[in-house]
Amino acid sequence: MRLATVKRNGKEVAAVVVQNGVVPVETVNQRLHREWATDLFEIIRTGQWAEMNAWYQNGGRNELAALESGVIPAEQVEYAPLYRHPRKIWGIGLNYVEHAADLHEKAPDTEPASFMKPDTAIIGPGDTIEIPLQSERTTAEAELGIIIGKECKNISEAEAPGVIAGFTTIIDMTAEDILARNPRYLTRAKSFDTFFSFGPHLVTPDEVSNVLDLNVATVINGRIHRKNVVANMTFRPWYLVSFHSHVMTLLPGDIISTGTPGAVVIRDGDIVECQIDGFATLVNKVRDLKVAK
């Protein structure tokens, strides 16, 4: 199953992705006699995502396909971020050795180089990444995102798949010149408004045959800048979930952005994409606030 948040009648509402578009959960409730939340974060927070996925796998997919109306056609869908206010966003730095080499740094090999980001950085598909006035060198980084689906603490790697609601595409930004001045400036360099795009789809784990086989690509103006496979991460997804659960309690809706195969410098007018095998592409345009309009 794939879930999304779409803009409809001035609101951001949860929807189920179907072959030719999306069906708002409100429509599912009305037409198919369900009582699910119509806000995606609430669906995740309450655990309804698991109930919905079980329904979808056991006849719900066919019920949706049989709807004669209520589907928003793909060409009319306007996506929003999956949700606006996760309790936590964890980012993972230098998780591919090749990316660390780009920055002339040694990749961490004993513990993940993790950091946190504020929810004020969140934007969604089609929104504009803004290069801040304070930065002359900002980069964009395509990443695979993990969305926590169940509260957990001190879990093992083997237990990690059982607490995941799904995966998504992410574009993470860094004011690289600020970070270069002092590594203690990492939080500031990562936290400007518009510095975290995610969506358009939450892809449930059953839709991904093997997460380690996924290719993740940072794309700039239609050209692949860097691509790598998840198996080449220093710290793989289930380890990241386990590791951070030993730091603090992970809650439904928390996000772990697993690291990029390569960061690309972005400039005014650029188009940046995160491409992951089998996922809808995340696309954002770039505006430099220093460029006079």
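I count helices (H or I, at least four residues) and strands (E, at least two) as DSSP runs, numbered from the N terminus. With that settled, I found D254 in the loop between α7 (237-245) and β15 (255-257).

A note on what I am looking at: this is a predicted model, where local features need pLDDT of at least 70, side-chain atom pairs count only at pLDDT 80 or more, and totals for chains, interfaces and linings use all residues. Residues are numbered from 1 along each chain as its sequence is written, and side-chain values use heavy atoms, with hydrogens and water left out.

**Entry 1: D254.** Is D254 buried or exposed? I take buried as under 20% relative accessible area, exposed as over 50% and partly exposed as in between (1.4 Å probe, protein chains only). D254 has 1% relative accessibility, so it counts as buried.

Next I looked up its neighbours, with contact meaning heavy atoms within 4.5 Å. Leaving aside residues up to four places away in sequence, D254 touches R87, K88, I146, I147, I148 and T249. With K88, the side chain of D254 makes a side-chain to side-chain polar contact at 2.8 Å. Here a polar contact is a pair of N or O atoms within 3.5 Å; within protein, one must be able to donate a hydrogen and the other to accept it, and residues adjacent in sequence count only if both atoms are side-chain atoms.

**Entry 2: the whole protein.** I then stepped back and found seven helices and 18 strands. Buried residues make up 55% of the 293 residues. Of the contacts between residues at least 6 apart in sequence, 75% join residues at least 24 apart. Along the principal axes, the C-alpha atoms fill a box of roughly 55 × 50 × 30 Å.
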